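User: Hey, I'm new to this one. Can you walk me through a few features?
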Amino acid sequence: MFAASLAFQPALADRAAPAAHAATPATFSCTDMVDAASGARLVHDGHCDERVTPASTFNIAVSLMGYDSGILRDAHSPSLPFKPGYIDWNPDWRETTDPTSWIRNSTVWYAQQVTANLGARRFQQYLNNFGYGNLDTTGDPGKDNGLSMSWIESSLKISPAEQTAFLRKIVNRQLPLSAHAYDMTARITTLGTLPNGWQIHGKTGTASPVLADGSDDARRSYGWFVGWATKDGRTVVFSRLVLQDRQDRAAGPATRDAFLHDLPAQLDAL
């Protein structure tokens with residue numbers, strides 16, 4: 001089963017400390033699918049213009065930045081050791097990590113090492129060039145942590161429709177990036193092939209809404225799955241977001257697996 005081949009993507013990241021702003025939104029969901037070549041909207045169902053934290057889906061953007069800047073080199077370098085003090089609530093993060101395992105495990109500290117090496121000016125410049133969401137890298141108010149936390153339940157927000165627009169720029173190579181950045185990001189986000197022959201690239205994300213008092217919502221969770229599907233020269237970019245009651249399983253992988261279960265039939269109908 002295709003879902004079984006994706007078991008290496010268990011988690012998705014998300015947060016070490018609550019942000020001190022933003023109210024809890026209403027429960028909602030969105031599925032947005034766009035033909036990459038023409039820009040034709042194929043599916044646009046739900047609250048697709050609602051901006052929320054990108055969580056670990058932002059690692060696609062960080063990968064592009066890292067490979068374009070030379071901080072990341074190939075699928076397995078640099079390989080960085082875990083150090084005390086890094087975010088480590090997920091046991092998979094307490095080990096040496098390379099670009100492939102970073103994407104697989106959504107290792108927060110690895111992304112933070114990339115952005116720290118970029119520095120605030122280049123980080124913001126890349127986001128501006130990407131046109132990514134609200135472009136806000138200020139982070140949590142008063143904490144000066146935008147370079148390390150802005151995409152984790154903090155200031156940076158993006159809607160599902162904006163995610164698909166960003167992904168379309170990636171697959172059409174319309175951003176001012178090196179070919180290597182595109183090639184390697186596609187490689188480390190490859191998930192496998194659906195039974196009907198569509199090759200899938202994607203990234204999950206899991207996060208909590210932030211309540212008015214700055215604490216995480218213990219009852220609900222965002223689940224993201226974004227990426228693209230390619231077959232016979234055609235590419236469809238997609239974004240799926242749900243806000244739902246917390247389950248036993250993390251929301252990102254659950255969203256991914258449910259979406260992929262229905263995706264073959266959806267793609268065959270398009």
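User: First up: is the crossing where α2 passes α5 left-handed or right-handed?
Analyst: Right-handed, for α2 passing α5. Keep in mind that this is a predicted model.

User: Okay, and at roughly what angle do the axes of α2 and α5 cross?
Analyst: Roughly 115°, with the axes coming within 11 Å. Here α2 is residues 59-69 and α5 is residues 120-130.

User: Which residues make that contact?
Analyst: From α2 you have A61, L64, M65, D68 and S69, and from α5 there are R122, F123, Y126, L127 and F130. Sorted by class, the contact of α2 with α5 has 7 nonpolar, 1 polar and 2 charged residues.

User: What about α2 and α8, how do their axes cross?
Analyst: The axes of α2 and α8 (residues 179-188) cross at roughly 135° and come within 8 Å. That angle is why α2 counts as oblique to α8.

User: And which handedness does the crossing have when α2 passes α8?
Analyst: The crossing of α2 past α8 is right-handed. On the α2 side the contact uses I60, S63, L64, Y67 and D68, while α8 brings H180, A181, Y182, M184, T185 and I188. By class, that contact of α2 with α8 has 7 nonpolar, 3 polar and 1 charged residues.

User: Switching to pockets: what volume does the second largest pocket have?
Analyst: About 240 Å³ for the second largest pocket.

User: How many residues line it, and which lie nearest its centre?
Analyst: The second largest pocket is lined by 14 residues, and I170, V171, W228, T230 and T235 lie nearest its centre.

User: Which elements give two or more residues to that lining?
Analyst: For the second largest pocket, those are α7 (160-171), α8, β5 (220-231) and β6 (234-245).

User: How does the lining of the second largest pocket divide by class?
Analyst: Into 7 nonpolar, 5 polar and 2 charged residues.

User: Now the backbone. Which residues does a cis peptide bond join?
Analyst: A cis peptide bond joins S77 and P78, with omega at about 5°. P78 sits in the loop between α2 and α3 (99-105).

User: What's phi for L135?
Analyst: Near 65°, which is a positive value in a residue other than glycine.

User: Where does L135 lie?
Analyst: In the loop between α5 and α6 (146-149).

How values were computed:
Residues numbered from 1 in each chain as written. Predicted model: local features only at pLDDT ≥ 70, side-chain atom pairs only at ≥ 80, totals over all residues. Heavy atoms only, no water. Axes fitted to C-alpha atoms, helices over the stretch in contact; angles between N-to-C directions. Helix = DSSP H or I, 4+ residues; strand = E, 2+ residues; numbered from the N terminus. Parallel < 35°, antiparallel > 145°, perpendicular 65-115°, else oblique. Left-handed = near helix turned anticlockwise from the far one by under 90°. Contact = heavy atoms within 4.5 Å. Nonpolar A, V, L, I, M, F, W, Y, C, P; charged D, E, K, R; others polar. 1 Å grid on protein atoms, 1.4 Å probe; cavity = no way out; pocket = protein on both sides within 12 Å on 5 of 7 lines; lining within 4 Å. Points joined across faces, edges and corners; volume = space filled by probe spheres on them.
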